[in-house]
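Let's take a friendly walk through a protein model, one stop at a time.

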Amino acid sequence: MKPYLSAALAVACLLFPMTSSAASSRTASLVVGGGCFWCTEAAYELVPGVKAVVSGYAGGSVVNPTYQQITTGRTGHAEVIRIDYDPEKVSLETLLDFFWDVHDPTTLNRQGADEGPQYRSIILYADETQKAAAEASRAKANPAWGGKIVTEIVPLKVFYEAEEYHQDYYKKNPSAGYCRVVIKPKLDKLKQSPTVKGKPTS
């Protein structure tokens with residue numbers, strides 16, 4: 001290597017030292033559904049280590065479903081979210097354990113006033129590791145819910161991103177009735193959880 005190139009490389013290393021940023025920039029994803037995705041999206045956006053949350057549809061048979069089709073309850077799809085996260089900062093197990101705090105997993109095809117199969121409690125696993133983790137998390141949470149958890153754990157086939165106006169709905173519409181009455185009180189409560197405070201229990 002020529003002397004001036006060696007000097008330039010040395011200066012570059014001093015100015016831009018190599019770090020473990022490559023490891024911390026990894027992204028993994030988890031897809032879950034627990035009622036209206038406006039609510040679950042806002043809840044998971046509170047969690048440190050979560051990079052993005054995308055609202056969408058999964059679990060059914062209709063290709064490229066629209067929200068209007070989803071509301072009929074006949075597509076087989078549920079309203080779900082895809083959680084993109086940094087596994088170096090938050091674990092799969094922590095995200096799954098938080099799931100049981102975000103919604104009521106004992107009400108079949110319903111969350112509060114929202115009723116229909118599109119609002120069912122569901123975890124869609126991408127591989128056997130996620131499946132095992134989801135089953136273990138459900139088993140651990142079930143006693144606290146009186147053994148009444150009805151959450152489905154099924155393979156993820158396709159995730160369809162919801163329409164743009166659904167994305168970050170709470171952030172964009174904090175004064176909307178549903179946001180004020182349903183989402184905000186839930187978020188206020190979740191902000192006190194160890195997971196949101198960066199002190200996961202698992």
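Our tour begins at the surface, with Asn64, which counts as exposed because its relative accessibility is 55%, over the 50% cut-off. Keep in mind as you look that this is a predicted model. Asn64 sits in the loop between β2 and α4 (67–70). Its backbone deserves a look too: Asn64 has a positive phi of about 50°, although it is not a glycine. Most residues other than glycine have a negative phi.

You will find Asn109 in the loop between α5 (92–102) and β4 (110–111). Asn109 counts as partly exposed, because its relative accessibility is 26%, a value between the 20% and 50% limits.

Now step back and take in the whole chain. Its secondary structure comes to eight helices and eight strands. The protein chain has 202 residues, and buried residues make up 41% of them. Counting contacts in the chain with a separation of 6 or more, 76% are between residues 24 or more positions apart.

Val50 gives a local view of such a meeting. Val50 belongs to strand β2, which covers residues 50–58. With a relative accessible area of 16%, Val50 is buried. Leaving aside residues up to four places away in sequence, Val50 touches Tyr44, Ile83, Asp84, Tyr85, Val90 and Leu95. As for Ser91, it lies 41 residues from Val50 along the chain, and the C-alpha atoms of the two are separated by 10.0 Å.

Next to look at is how α3 meets another helix. The axes of α3 (residues 37–44) and α8 (residues 177–190) come within 10 Å and cross at roughly 30°. That angle is under 35 degrees, and therefore α3 and α8 are roughly parallel to each other. The crossing in which α3 passes α8 is right-handed. On the α3 side, the contact is made by Trp38, Cys39, Ala42 and Ala43, while α8 brings Tyr178, Ile183, Lys186, Leu187 and Leu190. Sorted by class, this contact has eight nonpolar residues, no polar ones and one charged residue.

Our last stop is the cysteines. How many disulfides does the structure hold? The number is zero. A disulfide is a covalent bond between the sulfur atoms of two cysteines. Cys36 is in no disulfide, and the nearest cysteine sulfur, which belongs to Cys39, is 7.0 Å away. Cys179 is in no disulfide either, with its nearest cysteine sulfur, that of Cys36, 8.5 Å away. Both of these cysteines are out of the open: Cys36 is buried, with a relative accessible area of 10%, and Cys179 is buried, with a value of 0%.

Note on methods. Residues numbered from 1 in each chain as written. Predicted model: local features only at pLDDT ≥ 70, side-chain atom pairs only at ≥ 80, totals over all residues. Heavy atoms only, no water. Disulfide = S-S within 2.5 Å. Buried < 20%, exposed > 50% of the residue type's maximum accessible area, 1.4 Å probe, protein only. Helix = DSSP H or I, 4+ residues; strand = E, 2+ residues; numbered from the N terminus. Contact = heavy atoms within 4.5 Å. Axes fitted to C-alpha atoms, helices over the stretch in contact; angles between N-to-C directions. Parallel < 35°, antiparallel > 145°, perpendicular 65-115°, else oblique. Left-handed = near helix turned anticlockwise from the far one by under 90°. Nonpolar A, V, L, I, M, F, W, Y, C, P; charged D, E, K, R; others polar.
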